[in-house]
Amino acid sequence: MIESESLPALLFFETPEEIYARVFRALRPRTPLPEMRVEFCQFANADSSVSLRDGRLRVRISDLLAGAPAPVIEALAFILLGKLYRKPVPRMYAHRYRLYMNRRDVRRQADLVRQIRGRKFLSGPAGEHHNLEEIFERLNAQYFDGLLGRPQLGWSRQAARGMLGHFDPAHNAIIISRIFDRPGVPPLALEYVVFHEMLHLRFPVNHAGARRRVHTREFREAEKKFSRLREAKEMLKRL
Ligand SMILES: [Zn+2]
């Protein structure tokens with residue numbers, strides 16, 4: 001995809017520090033330029049961060065982006081400095097950054113790095129009250145003709161309400177919130193969440209351009225096959 005905006009030719013000859021200095025001046029024209037340090041760090045993911053301490057600006061960029069083209073580094077500068085100074089990020093930059101991160105080769109590299117560096121916590125499938133392996137196999141037989149390969153199954157460390165379930169393709173793992181491993185929680189609610197994550201295993205995320213389609217139409221259609229779907233969703237609201 002080609003972006004319609006024209007890029008300043010200068011951009012391609014700037015160091016990352018110079019890019020950050022220029023973006024800083026664009027966002028804070030009257031503030032004296034702080035001392036700047038831009039480093040590429042080995043993170044387990046593509047997260048980058050910026051901090052301002054004692055008048056010194058420190059930018060830490062995931063080394064996944066070490067080989068990224070200058071316009072992508074510039075876009076990230078607008079995103080990070082925008083966040084730091086609570087300025088809205090122009091859509092053009094947000095879009096450009098997302099487009100790059102969604103590139104197939106970049107995503108594959110990010111997955112690999114996560115696999116190698118990420119020491120993801122993973123409990124076994126057996127909780128105190130429920131066994132995810134049993135639930136998986138029951139649902140597998142009922143809805144997938146038993147054909148779904150079993151991924152790693154585990155409980156989250158914390159009883160999170162924000163994320164009830166999660167399929168992690170890098171680790172081929174389904175993680176379920178501990179909140180479900182309690183005596184009072186209806187089994188149907190837990191089954192539905194496991195089923196939902198199994199659908200993520202069955203229907204991988206569709207990356208089309210900058211858009212990430214997680215719940216595709218076929219995903220939604222397949223989800224409707226879950227018996228007592230509405231009842232289960234209602235239960236989740238009352239957790
Ligand atoms: Zn989902």
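This is a predicted model: local features need pLDDT of at least 70, side-chain atom pairs count only at pLDDT 80 or more; totals for chains, interfaces and linings use all residues.
Are Tyr-192 and Phe-226 buried or exposed? Tyr-192 is buried, and Phe-226 is buried too, where buried stands for under 20% relative accessible area, exposed for over 50%, and partly exposed for what lies in between (1.4 Å probe, protein chains only).

Residues are numbered from 1 along each chain as its sequence is written, and side-chain values use heavy atoms, with hydrogens and water left out.

The pLDDT is the predictor's confidence in each residue, from 0 to 100. Its average over the chain is 86, and 89% of the residues score at least 70.

Now for the overall layout. The chain has eight helices and eight strands, taken as DSSP runs (H or I of at least four residues for helices, E of at least two for strands) and numbered from the N terminus. Buried residues make up 43% of the 239 residues. Of the contacts between residues at least 6 apart in sequence, 53% join residues at least 24 apart.

The largest nonpolar core has 34 residues, and those touching the most other members are Tyr-20, Val-59, Leu-65, Leu-81 and Tyr-97. Such a core is a set of buried Ala, Val, Leu, Ile, Met, Phe, Trp, Tyr and Cys residues joined through side-chain atoms within 4.5 Å. Elements giving two or more residues to this core include helix H1 (16-27), strand S3 (56-62) and helix H2 (70-84). H2 gives the most, with ten residues. This helix is mostly covered, with 13 of its 15 residues buried. From first C-alpha to last, H2 reaches 21 Å, close to the 21 Å expected at 1.5 Å a residue, the expected span being 1.5 Å times one less than the number of residues. After H2 comes Arg-86, whose phi is positive, near 50°.

Leaving aside neighbours within four places in sequence, Val-59 is in contact with Tyr-20, Arg-37, Val-38, Glu-39, Ser-49, Val-50 and Leu-80. Ser-48 sits in the loop between S1 and strand S2 (49-53), and counts as buried because its relative accessibility is 18%.

The structure holds eight aromatic pairs. Rings of Phe, Tyr and Trp (its six-membered ring) pair if their centres lie within 6.5 Å; planes under 30 degrees apart count as stacked, over 60 as edge-to-face and the rest as tilted. Tyr-192 and Phe-226 form a tilted pair, at 5.6 Å centre to centre and 55° between the planes. Tyr-192 belongs to helix H6 and Phe-226 to the loop between H7 and helix H8 (229-237), so the pair links parts of the chain 34 residues apart. Ring pairs also join both of them with Tyr-143, Phe-144 and Phe-195 into a cluster.H6 itself is mostly covered, with 14 of its 16 residues buried.

The zinc ion is coordinated by His-196 (NE2), His-200 (NE2) and His-215 (NE2), at 2.0 to 2.1 Å. Donors are N, O and S atoms within 2.8 Å of the metal (3.2 Å for Na, K and Ca), and water is not among the atoms, so sites may look incomplete. Along the sequence the donor residues follow the spacing H-x3-H-x14-H. His-200 lies in helix H6 (residues 187-202) and His-215 in the loop between strand S8 (211-213) and helix H7 (217-223), so the pair ties together parts 15 residues apart in sequence. His-200 counts as buried because its relative accessibility is 11%, whereas His-215, at 34%, counts as partly exposed.

Asp-145 has a positive phi of about 55° although it is not a glycine; Asp-145 lies in the loop between H5 and strand S4 (152-155) and is exposed, with a relative accessible area of 67%. Arg-228, likewise not a glycine, has a positive phi of about 60°, and its place is in the loop between H7 and H8.

Methods: Contact means heavy atoms within 4.5 Å.
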